[in-house]
Amino acid sequence: MPAPTIYYLRHGETEWNALGRLQGTRDIPLNARGRDQAVQAGLVLADLLKRDGRDKATLPYVSSPLGRARQTMELARGKLELSVTDYVLDDRLREIGYGVWEGLTLAESEARDPEVYSRRLADKWTVGPAGAETYADVQLRVRAWYDELKADTVAVAHGGTCRALMVSLGLETPASAAELYIEQGAVYVFREGRLEKYS
């Protein structure tokens, strides 16, 4: 079977995104801008599926279990004129856990753990604070999810899981992916060994 195509949406903005706070596994809802971004992503996705000749109603839809991803999925599905609740959750798509840094800004993280912060600056992929995951950990669980895909899929998740998928599929290196900004309100299409962004 050819590799599945993934239509990937990052959740819309939350207040913690706007404030530069590390969310990780905290369940922070979308703000007004984030809800608008989710609607925009739904419109972009509708255009893409139409252009690709895909039946939007027969594709599988999967979301991270975190509320901001679920809200984004439901708003996007609303724009596709699909049932807003007809999708599945997969915990492997949850955001990277930041442990003791969750809720902190980067400056606050540095003040709290200057030595760990310094090591993580040099190697974001394998270094994390106490109680956290590393991007290498996230890469393993996202790859396990990907390897089980049976069909082209619409996924709504997070910036961290998108970076991990890029590395897992050989599209970025750990060093390059760690610095990428993953846009909200856009659709990233993983297809045939390439990645394209539509917004």
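Two strands are taken to pair where DSSP finds at least two bridges between them. The views below show a predicted model.

View 1. The pairing of strand 5 with strand 6 (residues 194-198) is antiparallel and comprises five bridges. In this pairing, Glu 196 of strand 6 lies opposite Val 189.

**View 2. The pairing of strand 1 with strand 5.** Strand 1 (residues 6-10) also pairs with strand 5 in the antiparallel sense, here over three bridges. Tyr 7 is the residue that stands opposite Val 189 of strand 5.

**View 3. The two faces of strand 5.** In a regular strand, side chains alternate between the two faces of the sheet. On one side of strand 5 are Val 187, Val 189 and Arg 191, and on the other are Tyr 188 and Phe 190; all are buried. Strand 5 (residues 187-191) is accordingly described as mostly covered, with five of its five residues buried.

**View 4. The largest pocket and its lining.** The largest pocket has a volume of about 660 Å³. Its lining consists of 28 residues, and those nearest the centre are Leu 22, Tyr 98, Leu 106, Tyr 135 and Arg 163. Helix 1 (15-19), helix 5 (114-122) and helix 7 (159-168) are the elements that each contribute two or more residues to this lining. By residue class, the lining of the largest pocket comprises 11 nonpolar, eight polar and nine charged residues.

Note on methods. Residues are numbered from 1 along each chain as its sequence is written. This is a predicted model: local features need pLDDT of at least 70, side-chain atom pairs count only at pLDDT 80 or more; totals for chains, interfaces and linings use all residues. Side-chain values use heavy atoms; hydrogens and water are left out. Buried means under 20% relative accessible area, exposed over 50%, partly exposed in between (1.4 Å probe, protein chains only). Helices (H or I, at least four residues) and strands (E, at least two) are DSSP runs, numbered from the N terminus. On a 1 Å grid over the protein atoms alone, a cavity is a set of points where a 1.4 Å probe fits but cannot get out, and a pocket is an open set with protein on both sides within 12 Å along at least five of seven lines; lining residues have an atom within 4 Å of a point. Grid points are joined across faces, edges and corners, and a volume is the space filled by probe spheres set on the points. Ala, Val, Leu, Ile, Met, Phe, Trp, Tyr, Cys and Pro count as nonpolar, Asp, Glu, Lys and Arg as charged, and the others, Gly among them, as polar.
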